[in-house]
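These are my notebook entries from one sitting with a structure. I wrote down what I looked up, and the terms as I came to them.

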Amino acid sequence: MRGYVLAGGASRRFGADKALVEFAGRTLLSRMCELVAATTGSVHVVAPVGRYSSQALSLIEDRWPDEGPLGGIITAIRATQESNSGEPWNLMVSCDMPFLTREWLEYLAARAAVNDAEVVVPRSTFGLEPLCACWRTSATSSLQGAFDEGVRKVTDAMKRLRMEILDETHWKRFDSAGRLFLNMNTPQDYQAALQRWETSEREPSR
């Protein structure tokens, strides 16, 4: 399985590059890269050309910048396909999900490894979470077809694939606090996430 962090968003609502904001002493991008690498053994960052060229990262240029995360997902899967490395699966996470854990990602990856679906995706209280999912490399043509027809919403493109949906009976054991899939689109989201993190750090271990 190959690991990817999607960092192609423009962060317009955030007002700055949210991948580079600090969270618990590290940038979000650094945290996500370490987490994915620990799960899959390697990590590649999908981003517009030049955005993170000053950092020691394995970068893959987003083929469709400013077209949303579906383009980034297809870019990643095509990179796996074109590498001829043979990995059948791709773990993809967004760069702005600070409460993801290695234990959850390892469970997600293990579910994919024994599955005949084309995408294994959790469903939270907010709906499907396609930016924390495993995508089969062979799904490239179906996703590309949807994209070429004008589809940009990831969940719409997913309807063309065989899906394995992991509801809360799967992920709740890793996330009793209900924050596993929280992301940060605005400065207010960022401050709220920091407060939740600080609160959890002050809570006594059980």
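**Entry 1: ring pairs.** I began with the rule: rings of Phe, Tyr and Trp (its six-membered ring) pair if their centres lie within 6.5 Å, and planes under 30 degrees apart count as stacked, over 60 as edge-to-face and the rest as tilted. By this rule I have nine aromatic pairs. I looked up one of them, F23 with F99, which is edge-to-face, with 5.8 Å centre to centre and 90° between the planes. This pair links distant parts of the chain, 76 residues apart: F23 is in strand β2 (residues 22-23), and F99 is in the loop between β6 (89-94) and α3 (102-113). Helices (H or I, at least four residues) and strands (E, at least two) are DSSP runs, numbered from the N terminus. I also noted a cluster, in which ring pairs link W104, Y107, W171, F174 and F181.

**Entry 2: about the model.** The model is predicted, and local features need pLDDT of at least 70, side-chain atom pairs count only at pLDDT 80 or more, while totals for chains, interfaces and linings use all residues. Residues are numbered from 1 along each chain as its sequence is written, and side-chain values use heavy atoms, with hydrogens and water left out.

**Entry 3: T39.** I found T39 in helix α1 (residues 28-40). Is T39 buried or exposed? T39 counts as buried because its relative accessibility is 18%, and buried means under 20% relative accessible area, exposed over 50%, partly exposed in between (1.4 Å probe, protein chains only). Its side chain reaches the backbone oxygen of L35 at 3.0 Å. Not counting residues up to four places away in sequence, T39 touches L91, R102, L105, E106 and A109; contact means heavy atoms within 4.5 Å.

**Entry 4: D62.** D62 is in the loop between β5 (59-61) and α2 (69-83). With a relative accessible area of 5%, D62 is buried. The D62 side chain reaches the backbone nitrogen of W64 at 3.0 Å. Which residue is 15 residues from D62 in sequence and 5.1 Å away in space, C-alpha to C-alpha? I noted A47. A47 is also among the contacts of D62, along with G8, V46, P48, G71, G72 and T75, leaving aside neighbours within four places in sequence.

**Entry 5: charges over rings.** A charge sits over a ring if NZ of Lys or CZ of Arg is within 6 Å of the ring centre and within 35 degrees of the ring normal. R31 lies over the face of W197, at 5.1 Å from the ring centre. R152 lies over the face of F147, at 3.6 Å from the ring centre.

Key: A polar contact is a pair of N or O atoms within 3.5 Å; within protein, one must be able to donate a hydrogen and the other to accept it, and residues adjacent in sequence count only if both atoms are side-chain atoms.
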